Amino acid sequence: MVLQSSFKSCLPLSCLLRAPRAGFGGAASGGLIIQSLSNDVYQNLAVEDWIHDHMNLENRQVLFLWRNSPAVVIGRHQNPWQECNLQLMRQKNIKLARRRSGGGTVYHDLGNINLTFFTTRKKYERMENLKLVVKALKALRPQLDIHVTDRYDIVLDGQYKISGTAAKLGRTTAYHHCTLLCNANKAVLSSVLKSPYKGLKSNATPSVPASVKNLFEEDPGLTCEMLLDAVAEEYAMQHGIDHHITLINPTDETVLPGINDKSKELQTWEWVYGKTPKFSVSTCFNMVYKDSVLDVKVDMDVKHGRIEACDIDLPQEWLPPALCRELVKSLTGSKFCPNETTALSSILLRTCPQDYELHSKWNLLCENMTALM
């Protein structure tokens, strides 16, 4: 049976738990099911951080339900250039976020739901959470052929991944979160989770590719709301609590003190890109200028998202060596970022002689350099 909307409460958590000014960090024992009113990936990830950092989970377990507008979310120790197509994401205005848990990269949109299970570290049990999800889906649609794998994925029809999983284990608290594909845009998913970058070497945690399928493809009558409510009902039954889903606003400082600072931090370049493990790029590209094709070799070392060392190898007669050296000098120490590289190249161009051919060559080189980022 699907939970009816009457089970959802818009009361602030502080009011619900009779702690007017203390948020819900020190709330009483029992279980709690909360759902975000926001579709912003940074705000929802901030809620996870807030609960993990502030809430007393000694006598309580929490299920957090949330959905995001289009976004790619990478694991804490991953390399975004290795994991996704950043150029395509910029074109489609798809956000990139780095979560604080490990694991692989996932695509989120409104056809995908997210479930986060919070407990103490001692009570952390990833497999049990996933079995709960499977049981909820089976109660909703008994004909579904779904099970949990040894890799903690949920698969449909023995081969299609419908849920990925990751976790964060703190000193005393822990959370396990997983996705559930209902009706996500698979064309966008497959295109943005395919890196076009060549010659990249990294020790970052790589994602494991898998064939995916939407539950909607199996049963067009299923909706994200139905899935959310089914999981919430099963969670309530297993934990002996009522079926209320408490709706929260992830920007409400009266309930979640300091939440907006957490959200802002998750959006910073230093967190999203700067936390990337050290990597190197060694690649070649062809530049077509007039009737000739020029081969250019580029080597770069990137640490904390900044170019630590750079070498650009191209024929001396094509571009003045001094100008090329200035570009290398400017790039060293700068962000491995197309916007910053474009700005630096524009500044250097102003110092060049007003020569049309020289400017054309320079722009072509810089366009190809930014394409690497």
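**Sheet and helix**

I started with helix α5 (residues 126-140), which lies across β8, β9 and β10 and runs at about 175° to β8. Axes are lines fitted to C-alpha atoms, for helices over the stretch in contact, with angles from 0 to 180 degrees between N-to-C directions. Contact means heavy atoms within 4.5 Å. Helices (H or I, at least four residues) and strands (E, at least two) are DSSP runs, numbered from the N terminus.

Housekeeping: this is a predicted model, where local features need pLDDT of at least 70, side-chain atom pairs count only at pLDDT 80 or more, and totals for chains, interfaces and linings use all residues. Residues are numbered from 1 along each chain as its sequence is written, and side-chain values use heavy atoms, with hydrogens and water left out.

Next I checked the sheet: it is open, three strands in the order β8-β9-β10, paired antiparallel (pairing takes at least two DSSP bridges). β8 and β10 (160-163) are at the edges with a single partner strand each, so one side of each has no neighbour in the sheet. I looked up β9 with β10 and found three bridges; Val155 has Lys161 of β10 as its bridge partner.

**Thr149**

I found Thr149 in the loop between β8 (146-148) and β9 (154-156). Leaving out residues up to four places away in sequence, Thr149 touches Met127 and Val155.

**Helix pair**

Last, I took helix α2 (residues 41-54) and helix α9 (residues 259-267): their axes come within 8 Å and cross at roughly 125°.
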